[in-house]
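Hi there,

Here is the structure I promised to pass on to you. My notes on it follow below.

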Amino acid sequence: MSAPIIQGWCPGALRPMQSGDGLVVRVRAPLSRLAQNKAAQIADLAQIYGNGLIDISNRANLQIRGVSEATHAPLIDGLRMLGVIDRDIATETRRNIVLTPYWSAGDDSHRIASALMLALSSDNAPATPGKFGYAVDCGDTPVMTEISADIRIERGENGLIVRADTCDMGIPVTVDSAAETALEMARWFLTSGGAPQGRGRMARHLKTTELPAEYRTAPAQPAQHSPQIGRTSNATLVGLEFGQMQAHTLAALAKLAPIRLTPWRMLLLENLTTVPEIDGLITDPTDPRLNVVACTGAPGCPQALSDTRTLARQLAPHTPQLLHVSGCAKGCAHPSGAPITLTATAPDTFDLIHNGTASANRSATDLASDALIRHPDLLTTKRA
């Protein structure tokens, strides 16, 4: 078994990534929001220039799959007309912002995210690595503490703070100073050696390098959030199996309401109280598929050693805790640890990890897919 290739960057629209089913074109929609007309046109573009499959990433981005070298250019032309992509690859690479989906127009999260987008589009913005990103989460209580981000702008115990990932203290900021302070922290990350060879993440850097004292003066707010399918205060949250939908599902949703993409691979439908039955949507909060995360797997991903989603679908009703099924040790679909993880090592063969990432120490090895389906109790069995 060969080790998976670490690309060190994420796909974009202008710099797509080759996958087993063609190019993956990632659209970082401004404020993670799609007006109804734009959602409808993106659905059309995905059907015309891709294979009709659309992913929602764990950074609240939309990915159009199955694009070819020949169809990439006309797809980009269509996306550019919609105003949902950046002017160049450098800007696109920097603009990794995850915004709480619960923002309201004019509130702190909305204003700070808008200012941060503008700052990151500047030519003098820090040239951070492709996986480096920001979370803007300024509601009363943070809801994205488990979401991957390197610099977090959130509400601490005593007001707004900018906080380095994994650090429980931040620096106090105002709405007006938050974006620039976040960029100053990103510059410190670069100048202190956080991105050798153009790669690096804040959490890893802080294991060997001390964060300046000025960035550790205000306490963060401990918070956990479990998004629930159904009504929120002014919208409805719906799920997607493995965060993927067909273009016709997006087209149907576009007729109902503006759409916000979330980092939980769910969609928030603005000002909607009821959702009709639409193919591909999960609207039942007890649906067992909500408790399972699975990457694209083989053959859609060339690095995946096995199909993942067939097994995940079969095991969903039987897993007592969050289950992550990964096609390789990279664990792209769920980079953090999960209570139960299955990592493919060969076609239809998986290793079992308890309370760890896809590359962590194994609790059991060489488990066949059919054996797991017949005996799901193996998920909680520990053996060397």
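**The hairpin and its neighbours**

Strands β20 and β21 form a hairpin with two residues between them, and Asp 348 in the turn has a positive phi of about 60 degrees. Strands here are DSSP E runs of at least two residues, helices are H or I runs of at least four, and both are numbered from the N terminus. Please bear in mind that this is a predicted model: local features need pLDDT of at least 70 and side-chain atom pairs 80 or more, while totals for chains, interfaces and linings use all residues. Residues are numbered from 1 along each chain as its sequence is written, and side-chain values use heavy atoms, leaving out hydrogens and water.

β20 (residues 338-346) pairs with β21 (residues 349-356) in the antiparallel sense over seven bridges; two strands pair if DSSP finds at least two bridges between them. Ala 344 has Phe 350 in β21 as its bridge partner. With β19 (residues 323-326), β20 pairs in the parallel sense over four bridges, and Val 325 stands opposite Leu 342. Seven of the nine residues of β20 are buried, so the strand is largely enclosed by the rest of the structure. Buried means under 20% relative accessible area, exposed over 50% and partly exposed in between, with a 1.4 Å probe and protein chains only.

One contact between a charge and a ring may interest you too: the charged end of Arg 260 sits over the ring of Trp 103, 3.8 Å from its centre (CZ of Arg or NZ of Lys within 6 Å of the ring centre and within 35 degrees of the ring normal).

Best wishes
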